[in-house]
Amino acid sequence: METVRPKSSINERSKKFAKTFQKVIGLRTATKIAANNGICLLATQARFKEDDFTCQNQKKNEDNNRARNRAVMEALIARLFAGVTAIKAAYAELQMAQDPYNNDAIQAADQAIVDELRAISELKRAFLKKELDLSPQVTLMLAEIQEQQSIMKTYEITIKKLEAEADHKELDIASLKNQLQERLAFNKSLEKKLNSSGALSMFENLRFSALNPTHFIQFLHHTIRSVRSFAKLMIKEMESAHWDLEAAIKFIHPDAVFAKPSHKSFAFESFVCITMFEGFNYPNFIVPSEPFVNNQPHRHSPKLYFEKFRKLKSLNPKQCITQNPSSSFAKFLKFKYLQLVHAKMECSLFRNLNQRKLVNSGGFPDSAFFVAFAEMAKRVWELHSLAYSFDEEVTVFQVKRNTRFSEVYMACVAEDSVFPSAEASTADEVDLRVGFTVVPGFKIGKTVIQSRVYLSPVVSAASS
């Protein structure tokens, strides 16, 4: 017996199937309509992603192109600078080849300049036509190499130029040195002619029987030059030691008045002469160890003094001391140095007493100061020996301050003296008197050798 299902249940299932079918059909229809209207759901999202990727690639390509263009421009500029440096080096080489003239070097440098200018011109043409085909890295490297090579070439050329200038300077220096030596040799020969061949030539073959006061006067002039030379050296040393020269002058001649500042050197020359000629009128020159009889020196032998003069004249001071350290001249040299150069003065000038110690021990210092002193002392000693070569009485005299000038006994050391007070007053109101004696005068028998004095003005009471 079949079971009969109710109709109502069948209808309900049919209705559910129909609704489900309609939903499926409706969904497909809606998707199709949206597609036909340009609206895509899943496909549109994928397309957006593709467009973003394309934009990013385009931007990256633009950045790469910009970076490459920048690198190309940097390479171009580096190449231009390298070219300019190469032209500079070639031009320097061109200048270097001018002196001394080198035709091959000039042509090579000229060709290098032309080639580099052509290369730069070609770069300009390619740049303006946008036809540059440069590998930035390679171009930068080559430009750096070219620039360094050009700089090295410039340095080499500069070094060669400086070496050539140095060689030229050395040649000039050598030439000037030779000229200086020639001038010095000429001056020495001239001085020798003036002193030896001129003023002293008469003593070369001088015989004792022909000796006369003229010989003494000639040798006195030579001795005064030695004194003046030493006095100038002493002033120079005092200035180097920062001495107060004005105070020193006041100590030597307190009331001295000078017409010119340069005349102040006469005060130091006077000091040296006073010291060196002290005791000149004694045959032994007041050397303490010389023998005396009844407080008087032995009667001198003119011929013996003349032989001493001739023997000593041919030697330099060091030879005299070395050959006979116990001679009268050696004692005189020691005595006068210690008398003229005080210990405090020597310490101030040379910062020590080494010279004094060496002189005291019988040595001979090699300093320029002592050599000049020894030369002067030798001349004074020779002059003394020459004076006592005459068989007549020898006396030395100085002129007192404020003494009237006398041409018989005096000679003025500064004939160009013009005092302000003398210009402002009449000749009768101003009287020039002896300020001080610079070089003492001598009297040999009846012959008078003038003293050399410095004159100072004395204003008379009538003018006041």
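These legends describe close-up views of a predicted model.

The model is predicted, so local features need pLDDT of at least 70 and side-chain atom pairs count only at pLDDT 80 or more, while totals for chains, interfaces and linings use all residues. Residues are numbered from 1 along each chain as its sequence is written, and side-chain values use heavy atoms, with hydrogens and water left out.

**View 1. The protein chain as a whole.** The secondary structure comes to 14 helices and eight strands. Helices (H or I, at least four residues) and strands (E, at least two) are DSSP runs, numbered from the N terminus. Of the 464 residues of the protein chain, 32% count as buried. Buried means under 20% relative accessible area, exposed over 50%, and partly exposed in between (1.4 Å probe, protein chains only). Among contacts with a separation of 6 or more, 73% join residues 24 or more positions apart. A contact requires heavy atoms within 4.5 Å.

View 2. Helix α10 covers residues 328-340. Its 13 residues should span 18 Å at 1.5 Å a residue, and its end C-alpha atoms are 18 Å apart, which agrees. The expected span is 1.5 Å times one less than the number of residues. The buried residues of α10 are Phe329, Ala330, Phe332, Leu333, Lys336, Tyr337 and Leu340. They cover an arc of only 160° around the axis, which puts them on the same side of α10. The arc is that of the directions from the helix axis to the C-beta atoms. An α-helix has 3.6 residues a turn, so residues three or four places apart point the same way. Serine 328 is also in helix α10. With 23% relative accessibility, serine 328 counts as partly exposed.

**View 3. Helix α10 against helix α13.** Helix α13 covers residues 368-387. The two helices pack at an angle of about 120°, with their axes 10 Å apart. Axes are lines fitted to C-alpha atoms, for helices over the stretch in contact, and angles run from 0 to 180 degrees between N-to-C directions. α10 and α13 are therefore oblique to each other. Angles under 35 degrees count as roughly parallel, over 145 as roughly antiparallel, 65 to 115 as roughly perpendicular and the rest as oblique. The crossing of α10 past α13 is right-handed. A crossing is left-handed if the near helix is turned anticlockwise from the far one by less than a right angle, and right-handed if clockwise. On the α10 side, the contact includes Phe332, Leu333 and Tyr337. On the α13 side, it includes Phe369, Phe373 and Trp381.

**View 4. Helix α8 and what covers it.** Helix α8 (residues 302-313) has 12 residues. Its first and last C-alpha atoms are 16 Å apart, close to the 16 Å expected at 1.5 Å a residue. Pro302, Tyr305, Phe306, Phe309, Leu312 and Lys313 are the buried residues of α8. They cover an arc of only 135° around the axis, which puts them on the same side of α8. Lys303 and Lys311 are exposed, on the face turned away from the buried side. The cover over the buried residues includes α5 (213-240), α9 (317-323), α10 and α13. Serine 385 lies in α13. Serine 385 is buried, with a relative accessible area of 2%. Not counting residues up to four places away in sequence, serine 385 touches Tyr305, Lys308 and Phe309.

**View 5. Helix α5 against helix α7.** α5 and α7 (residues 265-276) pack at an angle of about 115°, with their axes 9 Å apart. Their crossing is right-handed. The α5 residues that meet α7 include Ile224, Phe230 and Met234. Those of α7 include Phe266, Phe268 and Phe271.

**View 6. Three loop residues.** Arginine 351 is in the loop between α11 (343-350) and α12 (354-360). Its phi is near 65°, a positive value in a residue other than glycine. At 59% relative accessibility, arginine 351 counts as exposed. Asparagine 402 is in the loop between β3 (394-397) and β4 (410-412). Phi of asparagine 402 is near 70°, also positive. Glycine 445 lies in the loop between β6 (441-444) and β7 (447-449). Its C-alpha is separated by 5.3 Å from that of glutamate 393, 52 residues apart along the chain. Leaving aside neighbours within four places in sequence, glycine 445 is in contact with Glu392 and Glu393.
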